[in-house]
Amino acid sequence: MVEKRVYAVSSEVCGRREPVLPYQVVERGRDGWVRLCAQVEGFAFRPGNDYVLQVTEHRAAGDASLVRLILKSVIEQRPHTRN
């Protein structure tokens, strides 16, 4: 289990994949930004907003590609703006 800060941003990209989500999870990695279509358990996303979240990350033993994100707290919520 690892605790980390991630961003949940309004996006249509994950609406075309499974699971269908109105947001993307974005985090800063060693080689730049990493974007995932991952559901955050316990998180109620409201379209039109971007969030900074504190989550715990659980990886399945034996399969590092299976990641489960669980909301610990919403740090910030703000209206989505296009860059």
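Here is a short chat about the fold, surface and two residues of a predicted model.

Student: Hi! How confident is the predictor in this chain, on average?
Tutor: This is a predicted model, and the chain averages a pLDDT of 87. At least 70 is reached by 94% of the residues.

Student: And which strands have the lowest and highest confidence?
Tutor: Strand β6, residues 63-79, is lowest with a mean of 87. Strand β4, residues 40-41, is highest at 94.

Student: How many helices and strands are there?
Tutor: There are 0 helices and 6 strands. Read from the N terminus, the order is β-β-β-β-β-β. With a radius of gyration of 12 Å, close to the 12 Å from the globule rule for 83 residues, the chain is as compact as a globular protein of that length.

Student: Nice. What does the C-alpha trace span along its principal axes?
Tutor: About 40 × 30 × 30 Å.

Student: What share of the residues counts as buried?
Tutor: 33% of the 83 residues do. The chain exposes about 5800 Å², with carbon and sulfur atoms supplying 47% of that area.

Student: How many positive and negative side chains are there?
Tutor: You'll find 13 positive and 10 negative ones, and the centres of the two sets are 3 Å apart.

Student: Switching to contacts: of those between residues at least 6 apart in sequence, what share joins residues at least 24 apart?
Tutor: That share is 44%.

Student: Let's pick a residue. Where is Arg5 found?
Tutor: Arg5 sits in strand β1, which covers residues 2-10.

Student: What does Arg5 contact, leaving aside neighbours within four places in sequence?
Tutor: Arg5 is in contact with Glu27, Val52, Leu53, Gln54 and Ile75. As for Val25, it is 20 residues from Arg5 in sequence, and their C-alpha atoms are 10 Å apart in space.

Student: OK, on to Ile70. Which strand holds it?
Tutor: Ile70 belongs to strand β6.

Student: Why is Ile70 partly exposed?
Tutor: Its relative accessibility is 22%, so Ile70 counts as partly exposed; buried would mean under 20%.

Student: And what does Ile70 touch, not counting residues up to four places away in sequence?
Tutor: Ile70 touches Val40, Glu41, Gln54, Val55, Thr56 and His58.

How values were computed
Residues are numbered from 1 along each chain as its sequence is written. This is a predicted model: local features need pLDDT of at least 70, side-chain atom pairs count only at pLDDT 80 or more; totals for chains, interfaces and linings use all residues. Side-chain values use heavy atoms; hydrogens and water are left out. pLDDT is the predictor's confidence in each residue, from 0 to 100. Helices (H or I, at least four residues) and strands (E, at least two) are DSSP runs, numbered from the N terminus. The radius of gyration is taken over C-alpha atoms; the globule rule is 2.2 Å times the number of residues to the power 0.38. Buried means under 20% relative accessible area, exposed over 50%, partly exposed in between (1.4 Å probe, protein chains only). Contact means heavy atoms within 4.5 Å. Accessible areas come from the Shrake-Rupley method with a 1.4 Å probe; for residues, only the protein chains shown count as cover. Lys and Arg count as positive and Asp and Glu as negative; His and the chain ends are not counted. The place of a charge is taken as NZ of Lys, CZ of Arg, CG of Asp or CD of Glu.
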